[in-house]
Amino acid sequence: MRILIVSQYYYPENVTVTPIAEDLVKKGHEVTVLTGRPNYGLGGIPKEYRKLKREVRNGVKIHRVPLVARKKGRLSLVANYLSFNFASRLFLRRFKGKFDVVYSVTLSPVMSVQGAGEFAKAHRLPHVLHCLDLWPESAVVAGNVKSGSLAYRILYRWSKRIYLGASKILISSPSFRDYFVSTLRMGHANIFYVPQPPLVEMGEDNTHPDLGEHFNLVYVGNVGRLQLLDEVIEAISFLPRETNIHFHVVGDGSGLEVSMKKAKELLVEDKVSFYGTKPASENHGFYSQADMILVSLRSGVSPVYRTIPNKVLSSLAEGKPILAVIDGDGKAVLEQIGGSLISKEGSKNIAASLLKAMALPRERLEAMGRANREAYEERYSFERVMVTLEEAITSSRKDFKG
């Protein structure tokens, strides 16, 4: 099958779209990707990509359109989003490629795949929209717009129009369905739950950081206000001074400086280490020495807070016990597996959970890790999810009534 994938993000950006496209090629499909010049998490557009328009990587044909690189600040983010929206739509209006289906991946925002819907409609093709982030709700949660404001109403109508144009919507968390039905006031006949293929796979790690002889709690990922790292740091400050625990934070984000300042103010700099962003291949070196992995997401009434973060599934793959400060669908998944210690939000609650975790026998911790790895292999591995995803994409042609 000839598949056109539209996504603002692609390799060398660390996103799940890349392995999806490459796996579809391995399965015998002809895959073309329309994406932007890479910049997310790269500190700007790498020199070798600044003028690159076309390339082939691992069998995937890649077309890149220009965009405004992300920098700090809300205006820069808006410029980044709008520039890809404009450039991708312009490209697709002139694109002469022949395809059987259009598959788009909406990490953020949904406007980035508007061109996919327009191309599919113009060429009478099914459009499978894979929703990994809810809009405009995500903009509200991020504090970029206020619910009910003029900007919100514009984004609401814009987002709904794009969602309605898709012939099939794949949601990465079951509770997303409620948002489409109750908030966007859409039907649910063409909405299907497909877990997001995990971004991080098990593999060889070539680095072996020495984390020391502690109870090592490891967090790898974005450092922002939704990840509750400040509460974890404060929780550690509540523990007896002699408690042999160390919190390792691998990643970057808008909250990194705040978290570093918090650790200094609370006099726990000797118990918290910040490593910045590391290549995915190096993360396994940290995970391999972890006594427990932290998975955290702030709770709230918004359906965004009820999502299953990719971190939940990728952490299961590591075969380690998990300390989960999470609610919603992610909590339900981990509770069902039984390899996690679930904590409520709040630094005192987390402190109590840390003490409980440290008191668990080594045999119990190992059993929890095995349960997580087994659940990953049986239900959430990349290979398992890709079987479901491929079927959802290929069957859209048969079901299409356009």
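Strand β9 (residues 215–220) and strand β10 (residues 245–250) run parallel and are joined by 6 bridges; strands here are DSSP runs of E with at least two residues, helices are runs of H or I with at least four, and both are numbered from the N terminus. Within this pair, V220 faces V250 of β10. The model is predicted, with local features requiring pLDDT of at least 70 and side-chain atom pairs pLDDT 80 or more, while totals for chains, interfaces and linings use all residues. Residues are numbered from 1 along each chain as its sequence is written, and side-chain values use heavy atoms, without hydrogens and water.

Both strands belong to an open sheet of 6 strands, ordered β11-β10-β9-β12-β13-β14 with parallel pairing; two strands pair if DSSP finds at least two bridges between them. At the edges, β11 (272–276) and β14 (340–342) each pair on one side only. From one strand to the next, the twist averages 25°.

Helix α7 (residues 229–238) lies across β9, β10, β11 and β12 (292–296), at about 160° to β10. Helix α13 (residues 362–380) also packs on the sheet, touching β9, β12, β13 (322–325) and β14, and its direction makes about 100° with that of β14. Contact means heavy atoms within 4.5 Å; axes are lines fitted to C-alpha atoms, for helices over the stretch in contact, and angles run from 0 to 180 degrees between N-to-C directions.

S259 is located in helix α8 (residues 256–265). S259 counts as buried because its relative accessibility is 2%, where buried means under 20% relative accessible area, exposed over 50% and partly exposed in between (1.4 Å probe, protein chains only).
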